Amino acid sequence: MAIVEAKSISKIYGGKKGIEHKAIDHLSMNIEAGEFVGVMGPSGSGKTTLLNLLSTIDRLSAGFLTINGSDITKLSKEKLATFRRKEMGFIFQDFNLLDTLTIAENIMLPLTLDGRKVKEMETKLAHISNTLGIDGILRNRTYEVSGGQLQRAAIARAMIHEPSIIFADEPTGNLDSKSSKQVMEALTGLNTEQHATTLMVTHDPFAASFCERILFIKDGKIFNELHKGDQRQNFFQDILNVQSMLGGDTDDLQTIRL
Amino acid sequence: MTFKQFAFNNVKRNARQYMSYFFSCMFSVSVFFIYAVIMFHPEIDGHEFRQTVQRGIAAVEIIIFSFSFLFVMYSTGAFIKSRKKEYGLLMTLGISKGQLNRLLILENTIIGCVSIVAGLLIGTLFANVFIMGFSNMIDIDGSLGFAIAPKAVLLTVVSYFVMFELNTLAITWTMRTNAVVDLFRGAKAAKRVPKFSWILSIIGLGLVITAYSLAWTADLLSIFPRMFPILLLIIPGTYLLFTQSSVALINLLRRNKSIYFRQTNLLTISDLYYKLKDHSRLLFFVTILSAVAFTASGVLFGAYQSAKTEAEALVAQDVSLLSKGEEHIANMDDEVSTFKQQLEQKGIDYQSLAMERTQAKIHHMDQDIWVDLLSVSNYKQLQKLNGNTVDIDVSNDEMVVMLPRYLTPGEEEFANELTVTSENVEETFTVQTMDTIVNQNTHNRYTIVVSDEMYQHYASVQEPNEQYRYVAFSIHNWSSHAEAIYDSTHMIDREIVTGIDTQAQIYLTLKNSLSFALFFGLFISVLFFLAAGSILYFKMYQDLDNDVSRYRSLYRIGLTVKEMKKIATKQVAYLFFIPFSVAVIHASFAFKALQNMLTSSVFMPSLLLISCYLAIYAIYFFFIRGLYIRKLKEVM
Ligand SMILES: Nc1ncnc2c1ncn2[C@@H]1O[C@H](COP(=O)(O)OP(=O)(O)OP(=O)(O)O)[C@@H](O)[C@H]1O
Ligand SMILES: [Mg+2]
């Protein structure tokens, strides 16, 4: 079953006064349930824009988009927000945890907004934090824990309400290699064990090598698609090859550190 | 781009942040200017009131100025703090300390000059209205003309310019001590968990409650010695209430999981937890300012409104004339008819009643004192004149002592039986007391009602100079003729009529002195009040950048605009109405203390006044909530 079905979607910035800019250009793609899909591409190619469109944060300029069977182009802004909070989980490069809340409160936030019972929230919190190995920091504040821990807390927040899909925009962008690895392992773990459908945008070939399938985009169009074979090492090499083919992003080429 | 252009563009680009700061400065400049215009008004300069009026206004000017000074200092400080990051960036890019200081001074000078000019313009616009109001208030014949003395302009420009510059220098001086790193951290430093102490919270509450009980039980005699202790308790009490008790309260709320984790409460309460602590000193300041404003204007307005009732309570008959001794009484009729003629000429309806009283002696509070006697049938006639129905009977062995309105302690405690003596007559009566219905006179402290028979008994033995003649007037709707009545009493010869008492005179004195106080008091209060509002507004704007990014991330994870509005409305409402409510409660106890001293009820006037403030505040609230929500909506 396809969780996300995008048919020929476009996003045009500017217009009216300024010059029009097609950030996404008639792009079509599907994401199946339980898939772990990566999106890569040079800077300015439209990765973030694509993620924002698929996650209903941004409005489509043209095209059709169904998520979990509902046509979201017809929903009002208000309905979209409630839809997002039920059906989606978000992970951002800069964590986006609220510093006025404890880690535990941050994780429970989606359930709280949904009006769930305190008991239920606490059980779910205990379960997810255990899975992600962050039980020890639940009572802490956001400034008291490391970046890797913050990102895992953010993953917990994205997962706790069992959304149909998780969107991650450069989740390892602010992390060192050790924390990156922890975070990616957490994400793949959730993907394999709990069948959490995930779409991740990244620059980092190492992080991307955890995905099952990678879409490369350039100038708002799909340029290439890679599937993971049996060997992660080979997959990683393939990613590097496509990246150098795409050009423009050479400074993102990294040495192997598997 | 020259350096000056850079500074100018900086102001222009930061217009939003500068706006509230600018408006507040402009507002205080224009208020200051308006008072200066009145103070230096050429026609007041020549008026008999000149000295008092000018002294009053000068006092107001000093208050406004020192207040603006504090306000500008606070605002500039807060403003600079919110931009520390920008300065840090400029410094890493290689701007020198001297250049940064010059940038700050230039920026602030630009703002200062613009707000002075704008303030003068706004002030000029409103000066006319104020001049008219003022001439009405102090009863100058004909209105004052519209004139703005150059001195007024000069005073405003010079004092505010000096103030802005001093402030800027103070700011640049504090900046000097900060390292670049500190600048970078600026206001963005991680928020620490608010701390509070239970002991201090309870002490705060205790101080406030003690002050309340002192105010609640105060009366005319105890209010003055208590005033200072009350202030000494209420100010630190309020401070602790905001810095400690409010945080403690929210902490309790946070522990109640079923409330705390109910939908948007989690966001509202947790954010408020920080905001209340961050803003506690500000909220305290705003509360005290508002409480002072409410109390001052409420007390003045209440007293002003109750002038009529107070006059009626102090003076029982609308007008009374009293002569003592046979020879004066013989000439009294002429004087009385002169007075009556005056009233008739002025078209004032009246009823009058003349009666005799006689003098006797009693023993009270360990000494012999003179009293005067009134027969019960005369008493009944007086009551009828005052418009009251009475059914009292005084038998031959009874007497009723009429007590004056203000008594020193012990005065009202009469023995159960008293002996009244006059010449060779000496009778003992059982004693009752009641509130007086005749006007006080300078000769005797008490008037005593006895039976007609007993009165005759004493009157028959009186010496010629122990005889009194009392003429009481009842004037329909006296307060609207107060001045005419008061003027008419000037025609009476005071040698012959020794006791002239009118409600009109008391009423006019109260009104006049209070209207002055009210004029100055209300405007200072309104100024304080508006300043309190501006400070809140300013603070909200400062937080906006932080809040915008907060709501941006919340929107992404699915917070609806409706929920954002709900949270934002609640938070703005708490920040606005918590200080307001505390100030109202503070003021209510002050009103209660005032009530203890007055006969008339101050409840309605104070309610009216608070409602006006509430209305202004509500408009303010909706305005700021609108701005705030609109800003947040931009990112959603
Ligand atoms: N709000 C906007 N208004 C106008 N143009 C925009 C807007 N957001 C993005 N763009 C443009 O759309 C294009 C795609 O931007 P996008 O942020 O999706 O790129 P990206 O692939 O995420 O880049 P990066 O790897 O640097 O994050 C860019 O050329 C960008 O300039
Ligand atoms: Mg991006």
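**Ligand shell, backbone angles and chain interface**

Colleague: Let us begin with the ligand. Which side chain has a polar atom 2.6 Å from an oxygen atom of ligand 1?

Modeller: Please keep in mind that this is a predicted model. Thr48(A) has a polar side-chain atom at 2.6 Å from an oxygen atom of ligand 1. For Lys47(A), an N or O atom of the side chain is 2.6 Å from an oxygen atom of the ligand. His203(A) also takes part, with a side-chain N or O atom 3.2 Å from an oxygen atom of ligand 1.

Colleague: How much of ligand 1 does the protein bury?

Modeller: The protein buries 59% of the 630 Å² that ligand 1 exposes when taken alone.

Colleague: Which elements give two or more residues to the shell?

Modeller: They are strand S2 (21-32) and helix H1 (47-54) of chain A. H1(A) gives the largest share, three residues. The residues around the ligand include Tyr13(A), His21(A), Ala23(A) and Pro42(A), and Ser43(A), Gly44(A), Ser45(A) and Gly46(A) are also among them.

Colleague: And how does the shell divide into nonpolar, polar and charged residues?

Modeller: Three residues of the shell are nonpolar, eight are polar and one is charged.

Colleague: Turning to the backbone, which residue other than glycine has a positive phi near 45 degrees?

Modeller: That is His26(A), with phi near 45 degrees. His26(A) belongs to strand S2 of chain A.

Colleague: Where is Glu170(A) found?

Modeller: Glu170(A) is in the loop between strand S7 (165-169) and helix H6 (177-194) of chain A. Its phi is positive, about 50 degrees, although Glu170(A) is not a glycine.

Colleague: Is Glu170(A) buried or exposed?

Modeller: Glu170(A) is buried, because its relative accessible area is 11% and buried means under 20%.

Colleague: Now the interface. How many residues of chain B are in contact with chain A?

Modeller: There are 31 residues of chain B in contact with 27 residues of chain A.

Colleague: What area do chain B and chain A bury between them?

Modeller: The two chains bury about 2800 Å² between them, and 58% of that is on carbon and sulfur atoms.

Conventions: Residues are numbered from 1 along each chain as its sequence is written. Chains are lettered from A and ligands numbered from 1 in the order in which they are written. This is a predicted model: local features need pLDDT of at least 70, side-chain atom pairs count only at pLDDT 80 or more; totals for chains, interfaces and linings use all residues. Side-chain values use heavy atoms; hydrogens and water are left out. A residue is near a molecule or strand if one of its heavy atoms lies within 4 Å of it. A polar contact is a pair of N or O atoms within 3.5 Å; within protein, one must be able to donate a hydrogen and the other to accept it, and residues adjacent in sequence count only if both atoms are side-chain atoms. Accessible areas come from the Shrake-Rupley method with a 1.4 Å probe; for residues, only the protein chains shown count as cover. Helices (H or I, at least four residues) and strands (E, at least two) are DSSP runs, numbered from the N terminus. Ala, Val, Leu, Ile, Met, Phe, Trp, Tyr, Cys and Pro count as nonpolar, Asp, Glu, Lys and Arg as charged, and the others, Gly among them, as polar. Buried means under 20% relative accessible area, exposed over 50%, partly exposed in between (1.4 Å probe, protein chains only). Contact means heavy atoms within 4.5 Å. Buried area is the accessible area (1.4 Å probe) that two parts lose on being put together, summed over both.
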